[in-house]
Amino acid sequence: MRTIYFGRPIIGEEEKKAVLNVLESPILVHGPRSKEFEKSFAAYTKAPHAVSVSSCTAALHLSYFYLKLKAGDEVIVPAQTHNATAHAVEFCGAKPVFVDAEIKTGNIDIDQVEPLITERTKAISIVHFLGMPVNMDRINEIAKKYELFVVEDAAMAIGTYYKGVHAGLLGDVGCFSFYPIKHMTTAEGGMLITRNEDIAAGITRQKAFGVDRTQGERKIPGIYDVTMLGYNYRMNEIQSVLGIEQVKRLDEFLKQRKLNYEQLYDGLGEIDEISLLQSSYGDYQSSYYCLSILLNESLVKKRFEIVDYLKSHGVGTSVYYPHPVPHLTYYKEKYDYGEETYPVATMISNGSIALPVGPHLGDEDMEYIIQAVKQSIHEVK
């Protein structure tokens, strides 16, 4: 029996050497490595500006904090996402207005966005679900019509492109995650990219207490002013050097993900009892975060039996996501959402199993997963 982890960080000797070099230096924070990482990530995505932060959630929060979002304001948010997408809006006292998913990709159903916009709406948040890009032409058309800020939650979208443009550069800001099982890792950490110099400059200050000059900009050590409210959302030097080395390996990681995904997709596509979300085509290039299978009605109630079978045969799985965000207890109790709301997102949450395609796996692992899925379905029917 194989042991196939759903996700696993790939840390090599170069990453280890880089971390030790930082630990042997006198600078663990406020150093040059975070700036170097920002430059390398910006170069990879072709972003004019990149700001390193402590997490993707921090990047999302800073985006709305920069926008001066406040109580009474609203933000359009997909129902099918991680709770952090909505939490960032709540942090500012504003209200997330949820939109159901589309069945083909799991992305936000753009047809439902415009009817939910009110005079209180300040922004649209989109998520490239499992790395599959949203139709950003349609989103930006709506945003322009109503003068709305566009936040791309690109936590799963390193290597995602729409019409040749990297995710995160299609709206006003793009927010990335470097959690251990993402496309690359800094253990914890995130990045915000933007085309707007003022946004980058403002968020750079706001991520570090709102001080008016960094350590390197101070002519006299310890002397600075605070010109705005800010948080401690900085990325440290250890995280930064991990990021520098991981960016160098991104093409290798993404290539293997695509190969794994395509092999898994081809092998599972012939199974009558499941369906698969739409993958890359035409202008839409996915980052292949994972492959999520959707069980048909006869199997939905046996989902956890299938998961248990796969687990007993060494195959790690996950669910994206366990519930639509408005059905999570905090949001359900606060906004009184009923279980019958957001039917497509609910169907995806209740009937899906996410399978691994990370670069820690290869051809034989994919074939093993294919056979295990087929056998699991046979066993529970």
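The tour that follows goes through a predicted model, stop by stop.

**Stop 1**

Select His61, which is found in helix α3. His61 counts as buried because its relative accessibility is 4%, and the cut-off for buried is under 20%. Now show its contacts, leaving aside neighbours within four places in sequence. His61 is in contact with Ala88, Phe91, Cys92, Tyr231 and Tyr233.

Colour helix α4, residues 83-91. Which residues of helix α4 are buried? They are Ala84, Thr85, Ala86, Ala88, Val89 and Glu90. Bring in the elements that cover them: these include α3 (56-66), β2 (74-78), β3 (95-99), β4, β5 (149-153) and α11. Then step past the end of the helix. Gly93 follows α4 and has a positive phi, near 85 degrees.

**Stop 2: backbone exceptions**

Most residues other than glycine have a negative phi, and most peptide bonds are trans.

Start with Leu130, in the loop between β4 (121-127) and α5 (136-146). Leu130 is not a glycine, yet its phi is positive, about 55 degrees. Its relative accessible area is 7%, so Leu130 is buried.

Move to Tyr342, in the loop between α11 and α12 (343-351). Tyr342 also has a positive phi of about 55 degrees without being a glycine. With a relative accessible area of 14%, Tyr342 is buried.

Now select Tyr320 and Tyr321 together. The peptide bond from Tyr320 to Tyr321 is cis, with omega near 0 degrees. Tyr321 sits in the loop between α10 (303-312) and α11 (329-335).

**Stop 3: a three-strand sheet**

Show β6, β7 and β11. In what order do the strands of this open sheet run? The order is β7-β6-β11, and the pairing is antiparallel. β7 (165-166) and β11 (284-285) are the edge strands, each pairing on one side only. Strand β6, residues 161-162, is joined to β11 by 2 bridges. Display Tyr162 and look across: Tyr284 in β11 stands opposite.

**Stop 4: strands β12 and β13**

Select strand β12 (residues 291-295) and β13. The two run antiparallel, and 4 bridges join them. Pick Ile293 and find its bridge partner in β13, which is Ile353.

**Stop 5**

Select Gln246 in helix α7, residues 237-248. Gln246 counts as buried because its relative accessibility is 1%. Leave out neighbours within four places in sequence and list the rest. Gln246 is in contact with Ile10, Ile11, Glu15, Met184, Thr185 and Phe253.

For another setting, select Ala187, in the loop between β8 (173-177) and β9 (190-194). Its relative accessibility is 41%, so Ala187 counts as partly exposed. Not counting residues up to four places away in sequence, Ala187 touches Phe178, Tyr179, Pro180 and Leu242. Ala187 and Lys381 are 194 residues apart along the chain, and their C-alpha atoms are separated by 40 Å.

**Stop 6: a helix pair**

Finish with helix α8 (residues 250-268) and helix α13 (residues 363-380). Their axes lie 9 Å apart, and the helices pack at an angle of about 30 degrees. Angles under 35 degrees count as roughly parallel, so α8 and α13 are roughly parallel to each other. The crossing of α8 past α13 is right-handed.

Show the side chains in the contact. α8 contributes Asn260, Gln263, Leu264, Gly267 and Leu268. α13 contributes Asp363, Met366, Glu367, Ile369, Ile370, Val373 and Lys374. Colour the contact of α8 with α13 by residue class: 6 are nonpolar, 3 are polar and 3 are charged.

Methods. Residues numbered from 1 in each chain as written. Predicted model: local features only at pLDDT ≥ 70, side-chain atom pairs only at ≥ 80, totals over all residues. Heavy atoms only, no water. Buried < 20%, exposed > 50% of the residue type's maximum accessible area, 1.4 Å probe, protein only. Contact = heavy atoms within 4.5 Å. Axes fitted to C-alpha atoms, helices over the stretch in contact; angles between N-to-C directions. Parallel < 35°, antiparallel > 145°, perpendicular 65-115°, else oblique. Left-handed = near helix turned anticlockwise from the far one by under 90°. Nonpolar A, V, L, I, M, F, W, Y, C, P; charged D, E, K, R; others polar. Pairing = 2+ DSSP bridges.
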